[in-house]
Amino acid sequence: MRLAKDIWHPLIVPLPLAEIIARGTLEGLPLHWAPGLERLRFRADPFGYWRGGLLYVFVETFDYRHPVGTIDVLVFDDQYRFVEERPVLREPWHLSYPVVFDAEGETWLMPEANQSGRLTLYRAVAFPDRWEPALTITIDPAPVDATPLWHNGRWWLFHSSTAHGQDGMSALNIAFADRLAGPWTPHPGNPVRTGRAGSRPGGTPLVTTDGRILLPVQDCSRTYGGAITMLEIDTLDETRFAARPGRRFTAPAAAAPFRAGLHTLSAAGPATLIDVKRMTVSAEGLMLRPRRALNRLLGRA
């Protein structure tokens with residue numbers, strides 16, 4: 001049993017993702033902090049969307065005392081000053097990794113929902129906080145941290161998997177489709193990459209001027225979400241895949257005391273969103289699992 005709890009915190013870096021990648025480090029850049037949460041709660045997996053001069057940052061909100069993640073939105077003005085927060089999406093199952101994007105004339109929210117056994121796309125009914133389930137992407141098993149990219153006239157979906165005994169951190173898979181509604185075809189090379197050091201997606205893919213795809217992937221080799229590596233994909237089509245690890249990003253010194261990990265690097269126009277973590281041990285945290293086990297026993301009795 002792990003004694004320490006991971007506590008994540010989203011940050012806004014006022015520099016485009018492409019420039020951060022070219023720079024090769026987050027050190028020395030200004031950081032805008034999202035509001036903090038008390039004790040055993042955190043926010044993670046930030047993805048951004050600009051509308052009407054405001055930056056909407058969609059995040060997973062998690063409470064260790066009630067361990068089912070939900071999706072909230074944090075609103076900032078164009079100077080990255082916090083404006084408000086709103087609940088966005090609640091389901092009986094855990095939600096995280098809320099990718100938000102425009103496609104096919106709609107605004108979509110694609111949260112990770114592996115526990116539900118499917119990947120659901122939600123359509124904005126009243127942006128930013130009213131969404132309806134609209135499409136289901138059928139891939140078996142349900143994708144983990146699914147990351148979409150429209151490239152060369154086709155949708156590509158990068159995701160991790162719990163198939164074949166994988167832990168959701170160790171295998172990168174790809175599927176492709178002509179439309180969001182599918183049908184989706186798994187890449188014949190799946191898993192196209194294995195290993196905890198660089199297989200689980202962790203942010204927004206970018207396409208370079210020479211046609212390479214830069215996909216942020218998590219380095220979980222030492223700790224969950226320890227760093228982000230840019231996976232440089234040189235070849236991607238319906239039968240082939242070739243990639244190599246590129247630049248690696250860790251939590252900057254200015255993020256202290258949240259220096260124990262960084263597992264999201266997502267583009268938000270003129271800004272980039274990251275999340276950083278600290279690890280904490282508390283008496284309350286240590287008692288959570290035994291308390292839940294006792295409650296289950298009492299319930300059965």
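## Surroundings of arginine 43

Apart from neighbours within four places in sequence, arginine 43 is in contact (heavy atoms within 4.5 Å) with Trp8, His9, Pro10, Pro35, Leu37, Val59, Glu60, Thr61, Leu74 and Glu85. The structure is a predicted model, in which local features need pLDDT of at least 70 and side-chain atom pairs count only at pLDDT 80 or more, while totals for chains, interfaces and linings use all residues. Residues are numbered from 1 along each chain as its sequence is written, and side-chain values use heavy atoms, with hydrogens and water left out.

Arginine 43 belongs to strand E3, residues 41–51; strands (E, at least two residues) and helices (H or I, at least four) are DSSP runs numbered from the N terminus. Arginine 43 has a relative accessible area of 2% and is therefore buried; buried means under 20% relative accessible area, exposed over 50%, and partly exposed in between, with a 1.4 Å probe and protein chains only. The side chains of arginine 43 and glutamate 85 are joined by a polar contact of 2.6 Å. The side chain of arginine 43 also reaches the backbone oxygen of proline 35, at 3.1 Å. A polar contact is a pair of N or O atoms within 3.5 Å; within protein, one must be able to donate a hydrogen and the other to accept it, and residues adjacent in sequence count only if both atoms are side-chain atoms.

## Strand E3 and its sheet

Of the 11 residues of E3, eight are buried, and the strand is mostly covered. E3 pairs with strand E4 (residues 54–63) in the antiparallel sense over nine bridges; two strands pair if DSSP finds at least two bridges between them. Within this pairing, arginine 43 stands opposite threonine 61 in E4, and glycine 48 stands opposite valine 57 in E4. The hairpin of E3 and E4 has two residues between the strands, and glycine 52 takes a positive phi near 60° there.

The order E3-E4-E5-E6 describes an open sheet of four strands with antiparallel pairing. E3 and E6 are the edge strands, each pairing on one side only. On average, neighbouring strands of this sheet are turned by 25° against each other, direction ignored. The axes are lines fitted to C-alpha atoms, for helices over the stretch in contact, and angles run from 0 to 180 degrees between N-to-C directions.

## A second open sheet

Another open sheet of four strands, also with antiparallel pairing, has the order E7-E8-E9-E10. Its edge strands are E7 (96–103) and E10, each of which pairs on one side only. Neighbouring strands of this sheet are turned by 30° against each other on average, direction ignored.

E9 and E10 pair in the antiparallel sense over seven bridges. Tyrosine 122 has proline 133 in E10 as its bridge partner.

## Salt bridges

Side chains of opposite charge can pair when their charged atoms come close. The whole structure holds 19 salt bridges, each a side-chain nitrogen of Lys or Arg within 4 Å of a carboxyl oxygen of Asp or Glu. One of them joins the side chains of aspartate 6 and lysine 277 (2.9 Å, N to O). This pair links distant parts of the chain, with aspartate 6 in strand E1 (residues 5–13) and lysine 277 in strand E22 (residues 271–280), 271 residues apart. Both aspartate 6 and lysine 277 are buried.

Arginine 86 and aspartate 129 form a salt bridge whose closest N and O atoms are 3.2 Å apart. Arginine 86 lies in strand E6 (residues 82–89) and aspartate 129 in the loop between strand E9 (119–126) and strand E10 (130–137), so the pair ties together parts 43 residues apart in sequence. Arginine 86 is partly exposed, with a relative accessible area of 27%, and aspartate 129 is partly exposed at 26%. Elsewhere, Asp210, Arg212, Glu232, Asp234 and Arg244 are linked in a network of salt bridges.

## The chain as a whole

The protein chain contains two helices and 22 strands. Of its 301 residues, 53% count as buried. Among contacts in the chain with a separation of 6 or more, 49% come from residues 24 or more positions apart.

Taken along the principal axes, the C-alpha atoms fill a box of roughly 55 × 45 × 40 Å. The chain has a radius of gyration of 19 Å, which agrees with the value near 19 Å for a compact globule of 301 residues. The radius of gyration is taken over C-alpha atoms, and the globule rule is 2.2 Å times the number of residues to the power 0.38.
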